[in-house]
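Colleague: I am new to this structure and should like to understand the reasoning behind its description. May I put some questions to you?

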Amino acid sequence: MGGGTFDVYCVCEEMARIDLGVATAGLATFLGSDPITVGATPEQKKLWLTRIAEEGLLFAYGATEPEAGSDLGALRTVADPVIENGRIVGYKITGNKQWISNGGIADAYTILASTPAGPSWFVVEKGAKGFTHDEPEDKHGIRLSNTAALALDNVYVDADRLLGGVEGQGLNQAQAVFGYTRLMVAAFGLGGGWAALDRAIPYSIKRIQAGAPLSEKQGYTHKLIVPNVVRLEAARSYIEETAERIDAGVEGSLNTEGAIAKYMATEAGNAAAEASIQALGGYGYTHEYMVEKISRDVRITTIYEGTSEIMEMTISRDRWQSHLKTRGQHYHERAREFEALHARHANVGADIAALAFHALAEVMEKARVARLTRYQHILLRLGELIAYAECAASLSRRAALLADGKLNEKANRRFDATALAAISRVFAREAAMKVAEEGLRWVIGAGGVNDADVAGFETSLGLSAIHRAQSGLISDMDYIADVLYGRAAKRLEAAA
């Protein structure tokens, strides 16, 4: 159909709103064919992509193994060359794959296996001798998605089933699409989270508590609804920005950007679904009201296509190199970009996003000086702080683009420029507080600052300015709630 990454993100979000199990089955064919798209020869692409389009083949992506999990470099499946008259005519593949979406129903599978030259992708069709699958897994959620283990026992494939025709390219081919595929899972988290909130919001209008609807009580809206809307929209901004960059052909795989999008959107989707159960009270705990199903479904998004912990590690390792290469200036330079944006758009929270970047740079520099990244937990927490800061910046830029009428025509427009600016300010405040307060906590907790230097470190983080930036938070949350419940226009009319 000629669609790009942005289009697929839109489709994935809408599918996830309906049912994440069906959405997963659809994505599995995207994912299973990705090694073909990025690594196959022209002849292989013509054969397999044509068959997907014309015959409706279902594909499955056979990478994960029982002992390897998200670590593709630890795979044990092997592909031994079959040699005749001095040349390779085929391979015999032996090994096991676990947690494979479409595993029991696919027509063809891309299988990652070790060859003499390294990991490589092969296409294996169903029914091949020695190729079997287990019964579907009895899963917590996404029960409409078939998930099954695969077993390969000396499964023979011809040499032309080696994607790209050259051994040892498998990990590079997998890395080449992570930025894209993780963006799709991010869209699932976004769709699932909003599907839950779109049930909680109308429920709260009808549910009367102590003489008034729950929708009019800050204790309800400002805990269970507004914060989750804000985090979902921050994640959306990063998804859309990354999709645009992929479609524009930006050099590189954007693996880190895909990881940030997936991490933020899936964690936000989980939190939104969980809050929606609470928002519906006892009804939320029953099958009839659907939010418990959405919560069970969206939970997988923080696990498949790389766990949240793998995302944190991916983010921190890459951005740590950026910090080192710029002698600690990477995020200070990013901060100055958003100080300039604030000069042009004073109401989108860009100044607060800049505070988050400055604080992040100071935390990372203190971690470098004290060699705190020797602690794995510190490295992962840096990944979280980086993700929040970058999403705050992305959201403020998105709010500015919307105000200028320059937002992508395909972009989601649930909120107008005024509402999105308020959402951006709320998230920027959260991100800045998170970076500064938690950065301070972990640096001190890992022994990176002695007692005498704590006050100086607090000053370098800009804690006082970040605290002052919290001014107006409740007012912005009130306005977002008014927008969500259709009260904003009425209040403006009443004020007039």
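Colleague: Which residues line the second largest cavity?

Modeller: This is a predicted model, and in it the second largest cavity is lined by V363, A367, L372, I378, R381, L382, L385, G439, W442 and V443. About 50 Å³ of space lies inside that cavity.

Colleague: Which helices each supply at least two residues of that lining?

Modeller: They are α10 (350–369), α11 (376–403) and α12 (417–445). The largest share, 4 residues, comes from α11.

Colleague: How does the lining of the second largest cavity divide by class?

Modeller: There are 8 nonpolar residues, 1 polar and 1 charged.

Colleague: What makes up the lining of the largest cavity?

Modeller: Its lining residues are A16, R17, I18, D19, L20, G192, R199, M290, K293, I294, D297 and V298. By class they are 6 nonpolar, 1 polar and 5 charged. Helices α1 (5–18), α4 (170–206) and α7 (291–298) each supply at least two of the lining residues, and α7 gives the largest share, 4 residues.

Colleague: Why is α11 called largely enclosed by the rest of the structure?

Modeller: A residue is called buried when its relative accessible area is under 20%. In α11, 23 of the 28 residues are buried, and therefore the helix is largely enclosed.

Colleague: How do you know that the span of α11 agrees with its number of residues?

Modeller: At 1.5 Å a residue, its 28 residues should span 40 Å. The C-alpha atoms at its ends are 41 Å apart, so the two values agree. Just after α11, G405 takes a positive phi of about 70 degrees.

Colleague: How many disulfides does a search of the whole structure find?

Modeller: The search finds 0. C10 is in no disulfide, and the nearest cysteine sulfur to its own, that of C12, is 9.5 Å away.

Colleague: Why is C12 called buried, and why is C10 called partly exposed?

Modeller: C12 has a relative accessible area of 2%, so C12 is buried, the limit being under 20%. C10 has 26% and is therefore partly exposed, as that class lies between 20% and 50%.

Colleague: Where is F122 found, and is F122 buried or exposed?

Modeller: F122 is found in strand β5 (residues 118–125). Its relative accessible area is 0%, so F122 is buried. From N85, F122 is 37 residues apart in sequence and 22 Å apart in space, C-alpha to C-alpha.

Colleague: How do you know that the radius of gyration of the protein agrees with that of a compact globule?

Modeller: For 496 residues, a compact globule would have a radius of gyration near 23 Å; the protein has 24 Å, so the values agree. The C-alpha atoms fill a box of roughly 85 × 55 × 40 Å along the principal axes. The protein has 16 helices and 9 strands, and 55% of its 496 residues are buried.

Definitions and conventions. Residues numbered from 1 in each chain as written. Predicted model: local features only at pLDDT ≥ 70, side-chain atom pairs only at ≥ 80, totals over all residues. Heavy atoms only, no water. 1 Å grid on protein atoms, 1.4 Å probe; cavity = no way out; pocket = protein on both sides within 12 Å on 5 of 7 lines; lining within 4 Å. Nonpolar A, V, L, I, M, F, W, Y, C, P; charged D, E, K, R; others polar. Points joined across faces, edges and corners; volume = space filled by probe spheres on them. Expected span 1.5 Å × (residues − 1). Buried < 20%, exposed > 50% of the residue type's maximum accessible area, 1.4 Å probe, protein only. Disulfide = S-S within 2.5 Å. Rg over C-alpha atoms; globule rule 2.2 N^0.38 Å.
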